[in-house]
Amino acid sequence: FDNYNLYHFENGSWTTIQQIFKKDSLQTQHKDNGIKKSQCYKVTQSNYCRAESDLSSSSEHCSIHTSALGAMNHNILTWTPYVGWPVMTYKIWRQNTNSPAIFDSIAMVNGQAAIYLDSGINCKTLHAYRVTAYGNSAEKISVSDSAKAKAIWINTLPAPQIVFVTVDEDT
C-alpha cells in the first residue's frame, strides 16, 4: 500500500482530487457547492509500484442534499437519497429557534422516503432542517447539508360551531 486516491464526480466524469498517504478511514473534503447539490466520491488504492485498483469497481458514495419549501401552514422538506449503502432510516432534524446551535430530532422515516411535511412549526419563523441517514451498522451514518424554509401562514380561523342553546334556570 502506498496511498488512496480520492475521486469526485463533476461535469460528467471522475476526477482525482486528493491523494491520501495515511491508512485513515476518515477524510474530510470541503466543497463550496456542497449546499447546491449532492456530492459523489469514489476511492481507489495504489501500491508502491503505482498500480491502482479499478475505479469502475470502486463503490460510489453520494451525500444527502436537502431542499426546503414553505407551503400553506407547513414546510416541505425533500432530500436526495444517500448512495453507497442501503439506508434503513432517515432522521429529520429542525433547528431549535431558542438555541440555534442545536438541531432537535422531529421525526424518523423509512429508508425509502425522500420527503417530510413539517406542520409542527412556529408561525412566521424561518426554520432550518437537516437529515441523517442510518445504515445497518453503527458506522454507516451520513449527515446532510441544511436547508431553510418559512411557511405561508393563513391566519383565518374557522367560525366555532354552536352545538345547542338551552335555558339553565327558568325564572
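Mentor: We begin with a term: two strands pair if DSSP finds at least two bridges between them. Please keep in mind as well that this is a predicted model.

Trainee: Which residue in β4 is the bridge partner of Cys40?

Mentor: The bridge partner of Cys40 in β4 is Cys62. The strands concerned, β3 and β4, pair in the antiparallel sense over two bridges.

Trainee: In what order do the four strands of the open sheet stand?

Mentor: The order is β2-β1-β3-β4, and the pairing is antiparallel. At the edges stand β2 (13–20) and β4, each of which pairs on one side only.

Trainee: How should I think of side chains along a strand?

Mentor: In a regular strand the side chains alternate between the two faces of the sheet. For a case to examine, take His8, which is found in strand β1 (residues 3–10).

Trainee: Is His8 buried or exposed?

Mentor: Buried means under 20% relative accessible area. His8 has 1% relative accessibility and therefore counts as buried. Its side chain is joined to that of Glu10 by a polar contact of 3.3 Å.

Trainee: Which strands does β10 pair with, and how many bridges are there in each case?

Mentor: Let us take the partners in turn. Strand β7 (residues 89–95) is joined to β10 (residues 126–134) by six bridges, and the two run antiparallel. Within this pairing, Trp93 stands opposite Arg130 in β10. Strand β12 (residues 147–150) also runs antiparallel to β10, with four bridges between them. There, His127 stands opposite Ala149 in β12. Finally, β10 pairs with strand β11 (residues 141–143) in the antiparallel sense over three bridges, and Ala133 stands opposite Ser142 in β11.

Trainee: How many residues lie between β10 and β11 in their hairpin?

Mentor: Six residues lie between β10 and β11 in the hairpin.

Trainee: What is the general idea of a salt bridge, and how many are counted here?

Mentor: Side chains of opposite charge can pair when their charged atoms come close. The count in this model comes to two salt bridges. One of them joins Arg50 and Asp2, whose closest N and O atoms are 2.3 Å apart. Arg50 lies in the loop between β3 (40–46) and β4 (61–62) and Asp2 in the segment before β1, so the pair ties together parts that are 48 residues apart in sequence. As for accessibility, Arg50 is exposed, with a relative accessible area of 57%, whereas Asp2 is buried at 12%.

Trainee: Which residue forms a salt bridge with Asp118?

Mentor: Asp118 forms a salt bridge with Arg94, and their closest N and O atoms are 2.8 Å apart. This pair links distant parts of the chain, for Asp118 is in strand β9 (residues 115–118) and Arg94 is in strand β7, 24 residues apart. Asp118 is buried, with a relative accessible area of 2%. Arg94 is also buried, with a relative accessible area of 16%.

Trainee: Which residues make the nonpolar surface patch?

Mentor: Met72, Ile152 and Ile154 make this patch, which covers about 270 Å². Ile152 is found in the segment after β12.

Trainee: How far apart in space are Thr66 and Gln45?

Mentor: Their C-alpha atoms are 31 Å apart in space, and the two residues are 21 apart in sequence. Thr66 is found in strand β5 (residues 66–71), where it is buried with a relative accessible area of 3%.

Trainee: How many helices and strands are there in the protein chain?

Mentor: The protein chain has zero helices and 12 strands. Its radius of gyration is 24 Å, well over the 16 Å that the globule rule gives for 171 residues, so the chain is more spread out than a compact globule. The C-alpha atoms fill a box of roughly 105 × 30 × 30 Å, taken along the principal axes. Buried residues make up 31% of the 171 residues in the chain.

Technical notes
Residues are numbered from 1 along each chain as its sequence is written. This is a predicted model: local features need pLDDT of at least 70, side-chain atom pairs count only at pLDDT 80 or more; totals for chains, interfaces and linings use all residues. Side-chain values use heavy atoms; hydrogens and water are left out. Buried means under 20% relative accessible area, exposed over 50%, partly exposed in between (1.4 Å probe, protein chains only). A polar contact is a pair of N or O atoms within 3.5 Å; within protein, one must be able to donate a hydrogen and the other to accept it, and residues adjacent in sequence count only if both atoms are side-chain atoms. Patches are made of residues with over 30% relative accessible area and no salt bridge: like charges are joined within 9 Å, nonpolar side chains (Val, Leu, Ile, Met, Phe, Trp, Tyr) within 5 Å. Accessible areas come from the Shrake-Rupley method with a 1.4 Å probe; for residues, only the protein chains shown count as cover. A salt bridge is a side-chain nitrogen of Lys or Arg within 4 Å of a carboxyl oxygen of Asp or Glu. The radius of gyration is taken over C-alpha atoms; the globule rule is 2.2 Å times the number of residues to the power 0.38.
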